Amino acid sequence: MTISEDTIKNAVLRYHREYDRYLKLSARVAEICRFEIVEGNAIRAQVTFRAKSPKSLEGKLRRFAASGKRDLPTVQSVFDAVRDLAAVRIATYEQRHEDQVVQLVCNRFVDLKGAKPQSERKDKNAADNNNFYRATHIEAFLPEADVIGTYANVSDVPCEIQVCSMMAHVWNEIEHDLGYKPLTGSLSEQERSLLVSLGFAVRQGDITIGNLFAETERRQREHGGVFTDVYDFVARVRGWFPDIDFGRNAGPLYEALQPVRLVSPESIRKLIAASEPMTATAQSALDEFSAKLAAKGDARFALDRNSSDLLLVLLLPKVAAYIVSSSGEAVSDGVARLRWFAARFQELSKVESGGLS
């Protein structure tokens, strides 16, 4: 036996003692993914998390023991091998957002050595026409800046982040529950055939959902009046900045513009002197502002030329003071970032006008 009964028992006992750490970590990673990555970039997705139950861990170890394929002689070797005790899943509504989410996740978290984590894309249909599993896996750790206070004891704990489309998630979960750990023996040929049919259906579903939201954006662009939500904001303003990932950082910008009453394309356009398309003008303004921040030694945040920061820099001459003063008691990290830029813009403007020495 490659894993003894005593090792299984002691590993599960240790996990019982440490379970709260894994639950706390998965909840925190999910919170970052939900607010900073998904909502912060106006991506339609669902974020879920879990810490594997002690019973589930025991079942997994017993399957290892039965298969004889894993050599886990000690309790520590179990924890070194089982890396998904804390897990987060990001299921995007549209398949096209999967790669973007993976990039954002890798930029936000670190690996065990503090470097950018690697992602592993799994699309098993490429090698097996009957297997439609598709997801990207990332082993992530909290960066040093996040492992403070109550999170100080999870610096060495990995969290597996899975990214897939919502339709892919349907197939992945059903196949996992039926095929990976069947309760009543191997799957029948009819079950396997139905799983394949479901696989084709979910792949077609990804295409249909993409077409649906493309049509939704087309309708929103033609719609007048105030923005209904951040997705409407992105759909109706995106065209001003061709070839730019305008959804990036759009969540906090949309949130910050609400108290300023910039709630429609018309209200925003009145304040901007640039003509459409605005990309070149905005990038020039962004580069100028970035150079001034660098010269002053202000490097807490960086402006992104491939994001809605382009609209931000065009609006700052008119609304910086309002963004700084419209301070609620609780704001997201993204809005705090925008207020920092607005405050720096005000300071630089005063210096240039001779208001400060």
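Let's start with a helix pair. Helix 7 and helix 8 (residues 250–257) pack at about 100 degrees, their axes 10 Å apart. Axes here are lines fitted to C-alpha atoms, for helices over the stretch in contact, and angles run from 0 to 180 degrees between N-to-C directions. That makes helix 7 roughly perpendicular to helix 8. The cut-offs: under 35 degrees is roughly parallel, over 145 roughly antiparallel, 65 to 115 roughly perpendicular, and the rest oblique. Helices (H or I, at least four residues) and strands (E, at least two) are DSSP runs, numbered from the N terminus.

A word on provenance. This is a predicted model: local features need pLDDT of at least 70, side-chain atom pairs count only at pLDDT 80 or more, and totals for chains, interfaces and linings use all residues. Residues are numbered from 1 along each chain as its sequence is written, and side-chain values use heavy atoms, with hydrogens and water left out.

Back to the pair. Which residues of helix 7 meet helix 8? Val230, Phe233 and Val234 do, against Ala250, Gly251, Leu253, Tyr254 and Leu257. Contact means heavy atoms within 4.5 Å.

Buried means under 20% relative accessible area, exposed over 50%, and partly exposed in between (1.4 Å probe, protein chains only). The buried residues are Ala250, Gly251, Pro252, Leu253, Tyr254, Ala256 and Leu257. What covers them includes helix 7, helix 9 (265–269), helix 11 and helix 12.

Helix 7 has another partner. Helix 6 (residues 189–222) packs with helix 7 (residues 230–237) at about 75 degrees, with axes 8 Å apart. Helix 6 and helix 7 are therefore roughly perpendicular to each other. Glu217, Gln220 and Arg221 in helix 6 meet Tyr231, Asp232, Ala235 and Arg236 in helix 7. That contact divides into 2 nonpolar, 1 polar and 4 charged residues.

One more crossing. Helix 10 (residues 279–296) and helix 12 (residues 333–352) have axes that come within 11 Å and cross at roughly 80 degrees. That makes helix 10 roughly perpendicular to helix 12. From helix 10 come Phe289, Lys292, Leu293 and Lys296; from helix 12 come Trp340, Phe341, Arg344, Phe345, Glu347, Leu348 and Glu352.

Now the domains. The assignment gives domain 1 (5–189) and domain 2 (230–355); such bounds come from an automatic or database domain assignment. Taken over C-alpha atoms, the two centres are 36 Å apart. The contact takes 10 residues from domain 1 and 11 residues from domain 2.

Next, the cores. A nonpolar core is a set of buried Ala, Val, Leu, Ile, Met, Phe, Trp, Tyr and Cys residues joined through side-chain atoms within 4.5 Å. The largest has 44 residues, and those with the most contacts inside it are Val29, Cys33, Leu61, Val88, Ile90, Phe109 and Ile161. Elements giving two or more residues include helix 1 (5–38), strand 1 (45–51), helix 2 (54–67) and strand 5 (159–165). Which element gives the most? Helix 1, with 12 residues. Apart from this core lies another, of 42 residues, among them Ala42, Phe241, Phe341 and Ala342.

Take Ile161. Leaving out residues up to four places away in sequence, Ile161 touches Val29, Cys33, Val88, Ile90, Val105, Phe109, Thr136, His137, Ile138 and Ala140.

Helix 4 is mostly covered, with 8 of its 11 residues buried. They are Glu98, Gln100, Val101, Val102, Leu104, Val105, Cys106 and Arg108. These buried residues pack against helix 1, strand 2, strand 3 (119–123), strand 4 and strand 5.

Tyr22 lies in helix 1. Buried or exposed? At 6% relative accessibility, Tyr22 counts as buried. Its C-alpha is 7.9 Å from that of Val154, 132 residues apart along the chain.

Ala299 sits in the loop between helix 10 and helix 11 (309–325). Ala299 is exposed, at 67% relative accessible area. Ala299 and His176 are 123 residues apart in sequence and 46 Å apart in space, C-alpha to C-alpha.

Definitions and conventions
Nonpolar A, V, L, I, M, F, W, Y, C, P; charged D, E, K, R; others polar.
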